[in-house]
Amino acid sequence: MATVAALVAAMGAGVWAGQHGLLTLPWAEPPAAMDTAHSTKPSGAVIYYRDPDMRPFYALVPRKTDDGRDYVPVLASEDVSFDPKPLPEAASGERKIKFYRNPMGLPDTSTVPKKDSMGMDYIPVYDGEESDDGSVTVSPGKLQRTGVETTLVGRHVLTHTIKAPGVVELDERRVAVVAPRYDGFIAKVGPATTATHVRKGDELVTLFSQEVVGWAANLSVENIGDRRSSPTAGDGNGRSFGAARRLENLGVPADFIEIIRKTGQVPNTFVVRAPLDGVVLERNAVDGQAFKSGDVLFRMADHSVVWMMADLSEGDIDAIAVGQDVQVTTRARPGRIFKGIVAVIYPHLMKETRTARVRIELANADLALLPDMYGDVAITTGEQDPVVAVPISAVIDSGSRQVVLVDRSEGRFEPRAVRVGRKGDGYAEILDGIAEGDRVVVNGNFLIDAESNLQAALKPFEQATESKP
């Protein structure tokens, strides 16, 4: 064990001495010769400063370590570059460098490698990178770094979802009031109160009216006289017809009239019942209260169907029609979707907001939608036939024309003018320019478009370079 330890110590000392130039082997080159043969002198501006012990510490300005040593400056040629280095013409044997262009996109070219004022290498332009068919070539490394994405052109159903705010309102056709057509007094009010739900036929109030009792007495006397003169006469014959019609016109309940006809007796009071299933909105009746003809004692509404009043933008009017399906969501019922249809499109605009009002009918059997509740309306519009379409991000719109970049593989892209039709839900219809099955760029297309414009701008410089002897 002692012998092995001694050998290991000797080997470590030899390696250390060789690395620091204290020991020179006869078959090895001197360090200076190796540096001269396999490395070049750094050049360019100082990019940053690194720790002298190669630890992961860096600085933008000169600084010192904790023990007082200076940080080592890193020049431009020593910095890491992710762009592929140009191969020498003889070493590559495949592609020939035509010229070098400015790395910042300036219209400046060079026939030999050089650096700009910031120490950045000029970018080589090879034969074949610029073709006569108008396509542009981008290196695979640059495509990967910039996240260029492509997709196949296919057929899609273009739909556009119109969204607007709305407010729940009562259905005007489902609101009723209890307003007697005669003067009288309230003998007793039933159990119904404001905000309670009642069924059609439930007792609301018991009334007394001198006018009603008077006509009821006439009906009783006339009905008895008709029966004495003609025992076989049916109900409603003879003079009793006029008194019964008068009671019906006053809105007296039919069961009250039927009691008089059958018994000949005139009750002092009669019961008014609920005209529909619904919620009591107002109760203006108390025991012993007098009322006049036309006074509203109860107001109620049927909530089983409600309206959603939505205000749509002026530009969306042409896209909607009566009968279209609508989806409504509310904050009060998160996660629940109410389905309805467009019932009415109001024939005028609200001049203050320049919006059009749309009435939407919604089923509300469980009374989940309450009057004056806010909601979000979504109306899906568009045709059901699929058309050739691309994602909207694939279209480069300059204002005067629309262009898409067609992927021709191997880093080559062709700018192609297209004619855009309808748009909806992230897609744009393509009427002309590309066909189904083409592959287009959907992400990073502005980078490729800038590269295309740059190469087009360098064409005159390239021609000038080739014309030199």
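Tutor: Strand β1 (residues 46-50) is joined to β3 by four bridges, and the two run antiparallel. Within that pairing, R50 is opposite V72 in β3. On terms, strands are DSSP runs of E of at least two residues, while helices are runs of H or I of at least four, all numbered from the N terminus; two strands pair if DSSP finds at least two bridges between them.

Keep in mind that this is a predicted model, where local features need pLDDT of at least 70, side-chain atom pairs count only at pLDDT 80 or more, and totals for chains, interfaces and linings use all residues. Residues are numbered from 1 along each chain as its sequence is written, and side-chain values use heavy atoms, with hydrogens and water left out.

One more spot to look at is S117, in the loop between β5 (109-110) and β6 (123-126). S117 counts as exposed because its relative accessibility is 77%; the cut-offs are under 20% relative accessible area for buried, over 50% for exposed and partly exposed in between, with a 1.4 Å probe and protein chains only. S117 and G44 are 73 residues apart along the chain, and their C-alpha atoms are separated by 9.3 Å.
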